[in-house]
Amino acid sequence: MAESVFVLSSHYEIFGVVIIASLALGVPVIVTSCVGLEDTVRSGYGILVPVDNVEVLAVVMVKMYNERALFDSEKIGANCHARYSSEVTAERLTQAYADVLSG
């Protein structure tokens, strides 16, 4: 069960390293559905809310608090590691460079 939640209400994020850090610690997230974050948050690990909608953000914060037992911190951290660990990132970059160099 998650004991904490991280909330980021942004208009724009390039990548959202703070989101990845939270997920790596097993903390579910609530983030605005802005460019750069939409692919980061997956079902079961966090919730996306519309940008500039304070009412929805408030409802989702209460919802996550009430349903915090549904968020598995170990599973959240493991999923984050599987997607963003240094090994995975190095492999993706190596493949991207190989693709560019080959053609």
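Biologist: Which residues of α1 are buried?

Modeller: Ile19, Ile20, Ser22 and Leu23. Buried means under 20% relative accessible area; exposed means over 50%, and partly exposed lies in between (1.4 Å probe, protein chains only).

Biologist: What makes the buried residues of α1 line one face?

Modeller: Their arc, seen down the helix axis, is 160 degrees, so they line one face of α1. The arc is taken from the directions that run from the helix axis to the C-beta atoms.

Biologist: What kind of model is this, and how are residues numbered?

Modeller: It is a predicted model, numbered from 1 along each chain as its sequence is written, where local features need pLDDT of at least 70 and side-chain atom pairs count only at pLDDT 80 or more. Totals for chains, interfaces and linings use all residues, and side-chain values use heavy atoms, with hydrogens and water left out.

Biologist: What covers the buried residues of α1?

Modeller: The cover includes β1 (6-8), β2 and α3. Contact here means heavy atoms within 4.5 Å. The elements are DSSP runs numbered from the N terminus: helices are H or I with at least four residues, strands are E with at least two.

Biologist: Which residues does Ile19 contact, leaving aside its neighbours within four places in sequence?

Modeller: Phe6, Leu8, Val29, Val31, Leu37, Thr40 and Val41. Ile19 also stands out in the largest nonpolar core, which has 20 residues; Ile19, Leu23 and Val31 have the most contacts inside it. Elements giving two or more residues to this core are α1, β2, β3 (46-49), α2 (54-66) and α3. Such a core is a set of buried Ala, Val, Leu, Ile, Met, Phe, Trp, Tyr and Cys residues joined through side-chain atoms within 4.5 Å.

Biologist: How do you know that the length of α2 agrees with its residue count?

Modeller: The expected span is 1.5 Å times one less than the number of residues. For the 13 residues of α2 that gives 18 Å, and the end C-alpha atoms are 18 Å apart, so the two agree.

Biologist: Which residues of α2 are buried, and which are exposed?

Modeller: Leu57, Val60 and Met64 are buried in α2. They cover an arc of only 65 degrees, which puts them on the same side of α2. Glu55, Val59, Tyr65 and Asn66 are exposed on the other side. The buried residues of α2 pack against β1, β2 and β3.

Biologist: Which residues of α3 are buried?

Modeller: Ile76, Gly77, Asn79, Cys80, Arg83 and Tyr84. Their arc is only 165 degrees around the axis, which puts them on the same side of α3. They pack against α1 (17-24) and α4 (86-102).

Biologist: What caps the N-terminal end of α3?

Modeller: Asp72 does, with a side-chain oxygen 3.0 Å from the backbone nitrogen of Glu74. A polar contact is a pair of N or O atoms within 3.5 Å; within protein, one must be able to donate a hydrogen and the other to accept it, and residues adjacent in sequence count only if both atoms are side-chain atoms.

Biologist: Why is Thr32 called buried?

Modeller: Its relative accessibility is 2%, so Thr32 counts as buried. Thr32 sits in strand β2 (residues 29-32). Its side chain reaches the backbone oxygen of Ser10 at 2.5 Å.

Biologist: Is Asp52 buried or exposed?

Modeller: Exposed, with a relative accessible area of 61%. Asp52 lies in the loop between β3 and α2.
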